[in-house]
Amino acid sequence: MYRVFEALDELVTIVEEARGVPMTASCVVPRGDVLELLDDVRDALPAEIDDAQDVLDKRDDLIHAARKEAGETVAGANAEAERTIAEATDEAERILADARARAEQMLADAHDQADRTVAAGQAEYQNLTDRSRAESERMIQAGRDAYDRAIEDGRAEQARLVAQTEVVQAAHAESARIVDEAHAEADRQRADCDAYVDGKLAEFSELLATTLRTVDSGRNHLRSPANLPSSSGRPTLYDYQV
């Protein structure tokens with residue numbers, strides 16, 4: 001490699017010391033000496049430079065091949081990305097459809113449960129109402145019967161006392177007392193009947209309020225984000241008992 005720099009220095013010296021051509025910037029140099037120095041430079045250049053020149057000569061082919069390979073790689077990557085996105089989209093749509101179907105099924109089950117609960121409450125209400133009405137009628141009838149018996153007893157006693165002239169005053173007082181007691185007993189039995197009916201209606205009112213709270217709780221569970229499908233793929237179960 002040192003010989004290359006030495007030959008280049010000699011070439012520079014030859015050109016600097018060469019005789020110039022009048023009226024031009026050219027000069028006259030000894031051809032043989034210059035060619036000999038150039039041969040020395042060629043021989044002194046390492047083989048790697050020649051290989052580098054070959055690489056430079058093939059640069060366009062290499063760049064074209066690299067660009068082609070890069071284009072094919074990018075196209076393949078784009079195709080793979082589109083396929084992956086399409087598969088992910090299909091999977092997401094399937095999961096969403098499954099979640100929607102499960103939510104609709106859960107909502108339908110909740111509606112059925114609510115309908116059954118309301119129907120049971122209405123049946124219980126009707127049963128309580130019928131029983132309360134029957135009990136009320138029975139107690140009212142019993143009160144009337146007792147009242148009628150008391151009236152009859154009072155009238156009989158009154159008639160007996162009236163028959164006894166010496167105790168007419170006492171008979172009238174006793175008759176009035178018996179009639180008052182009969183009225184009081186009838187009023188008491190009627191009040192007991194009303195209290196019994198009111199208690200039964202209060203029990204049914206509490207049962208109906210509990211049923212409505214159960215239905216509202218179930219609906220609120222269905223509307224909350226927690227009803228979305230869990231990571232295990234199983235729908236969330238709810239306890240609708242209050």
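Guide: Start with the surface. This is a predicted model. The protein chain exposes about 18000 Å². Carbon and sulfur atoms supply 56% of that area.

Visitor: What share of the protein chain is buried?

Guide: Buried residues make up 17% of the 242 residues. Each of them counts as buried because its relative accessible area is under 20%.

Visitor: What makes the largest nonpolar core a core?

Guide: Its eight residues are Val4, Ala7, Leu11, Ile14, Val34, Leu37, Val41 and Ala44. A core needs buried residues of listed types, joined through side-chain atoms within 4.5 Å. Val, Ala, Leu and Ile are on that list, so these eight residues qualify by type. Helix 1 (2-17) and helix 2 (31-44) each supply at least two of the core residues.

Visitor: Which residues does Ile14 contact, leaving aside its neighbours within four places in sequence?

Guide: Val29, Pro30, Asp33, Val34 and Leu37. They are called contacts because heavy atoms come within 4.5 Å.

Visitor: How do you know that residues 78-109 are helical?

Guide: The span is 100% helix and 0% strand. Its end C-alpha atoms lie 46 Å apart. UniProt, in an unreviewed entry, places the feature "coiled-coil region" there. That annotation may be inferred rather than shown by experiment.

Visitor: What is the order of elements in the protein chain?

Guide: From the N terminus on, α-β-β-α-α-α-α. That order goes with five helices and two strands.

Visitor: What fraction of contacts with a separation of 6 or more joins residues 24 or more positions apart?

Guide: Such pairs account for 60% of those contacts.

Notes:
Residues numbered from 1 in each chain as written. Predicted model: local features only at pLDDT ≥ 70, side-chain atom pairs only at ≥ 80, totals over all residues. Heavy atoms only, no water. Buried < 20%, exposed > 50% of the residue type's maximum accessible area, 1.4 Å probe, protein only. Helix = DSSP H or I, 4+ residues; strand = E, 2+ residues; numbered from the N terminus. Areas by Shrake-Rupley, 256 points an atom, 1.4 Å probe, with all protein chains shown as cover.
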